[in-house]
Amino acid sequence: MLFPDVIGQVETKQRLKDLVDNNRLSHALLLVGKEGSGLLPLAINFGQYVVSFPADKSAAAQPAPDLFGGTDLFGEPVAAAPLALQGEGQGGEGSVDPQATLLMHPDLHFSYPVLPKKSGDKPVSTDYISEFREFYKMMPYGSGFDWLQFINAENRQGNITSEECNDIIHKLSLKTFRARYKVLVMWLPEYLGREGNKLLKLIEEPPPDTLFILATESENDILPTIISRCQVIRVPPLTDAEIEKALVERCGASPETAQQLALVSEGNYNEAQQLLQHNEDDLNGLLRDWLNAALLRGAKAFERFDKQAAFVNQVSTLGRERQKQFLRYFLQLVEQSIRLRLIGEEKLNLPPTEKDFALRLNKFSGLGQQKAIADELENAIYYIERNANAKMLFHALTLKLRGIVVDKTIFLTQ
């Protein structure tokens, strides 16, 4: 099966396969997307696919006549048509080379940020290949930060070094060992910096049968001269439905939890996985308790101080990541409330618990108030990321919510 590690992204996967099937593949691809969209597994799985075309004609059956029209995958004339994937009658849906699956294929190369193991080292990606294989096995949707922490970077900055560029030039100058094509997958080329100038000529005039696959989360940090030499393919964030299904099937999450986390993660499967690890709390129940404490009126209004103190004590013990998760959940529900107000209940697909909350939120707050709440939640997330005192922050936020909704003193009217 092609792209086995990639969640969703049906159109992107089909586009990549069509480039191969129609001999329209560029020598250099730049996959651009956000964290958690699947850039790394997409780049690696596509690289595994390409290196599974064997070099030896005796290794696989010939494809159907005119399948490639006498050209290679890049549309360049060849003496004989390229061969089918190993183990296939024709290039298409089938198993890739087992060595490629294990990230051990001699013609499939990897480049990624690294750091010195000791003072004076000039590291290259190959120095960390065992760690990279283990990381990919455990966290294929992990971020660059996750990778650097995996190799114990702590506060050190990773880089794709000048020595790494020299090593890439050397490796790609060699003939292929096993496959028809050789592939370099460079994850996070934004870590190249000015060292990327060393690769410009290689990308522009690559050795024969060579494919570059670059996967970036920050296109603006890549040298424009590199981007201009690549075919850019934009990878969209995952849908809530795709994340929900993956959490259930891959992580064993309950459908209710998967729905909730998919809503909060905003298309980032890595974020959804991390939230699942810290999902011991009932976010919706905690949120209802908080608003009940903040918004009590009438004869019971005096009870709100005790309830507020109880809530703040509870939420302050959760840790920064779960506090941010809780606030993001509330922020998402505020945004869904606004959508519900604007497009109607029947057009908004929300889990029942979240839909009920959104409807209730619309009953006691207007658009101006909801915008003010959203602004305060975004500010609170920002402060938590910068180590704000949790008790002080949530006490202050509770008072602000009451001011917005009850006293109507801290918001812009519609």
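F132 counts as buried, because its relative accessibility is 1%. Buried here means under 20% relative accessible area, exposed means over 50%, and partly exposed lies in between (1.4 Å probe, protein chains only). The model is predicted, so local features need pLDDT of at least 70 and side-chain atom pairs count only at pLDDT 80 or more, while totals for chains, interfaces and linings use all residues. Residues are numbered from 1 along each chain as its sequence is written, and side-chain values use heavy atoms, with hydrogens and water left out.

The structure holds 23 aromatic pairs. Rings of Phe, Tyr and Trp (its six-membered ring) pair if their centres lie within 6.5 Å; planes under 30 degrees apart are stacked, over 60 edge-to-face, and the rest tilted. F132 and W187 form a tilted pair, 6.4 Å centre to centre with 50° between the planes. This pair links distant parts of the chain. F132 lies in helix α4 (residues 129–138) and W187 in strand β3 (residues 182–187), 55 residues apart. Helices (H or I, at least four residues) and strands (E, at least two) are DSSP runs, numbered from the N terminus. W187 is buried because its relative accessible area is 2%.

A second pair joins F135 and W147. The ring centres are 5.4 Å apart and the planes lie at 65°, so the pair is edge-to-face. F135 belongs to helix α4 and W147 to helix α5 (residues 144–150), 12 residues apart. F135 has a relative accessible area of 0% and is therefore buried. W147 is also at 0%, so W147 is buried.

Ring pairs join these residues into a cluster of F110, Y112, Y128, F132, F135, W147, F150 and W187. K117 lies over the face of Y128, at 4.7 Å from the ring centre. A charge sits over a ring if NZ of Lys or CZ of Arg is within 6 Å of the ring centre and within 35 degrees of the ring normal.

Not counting residues up to four places away in sequence, F330 touches L287, W290, L291, F357, I373, L377 and L401. Contact means heavy atoms within 4.5 Å.

The protein chain contains 17 helices and 5 strands. Of its 414 residues, 54% are buried.
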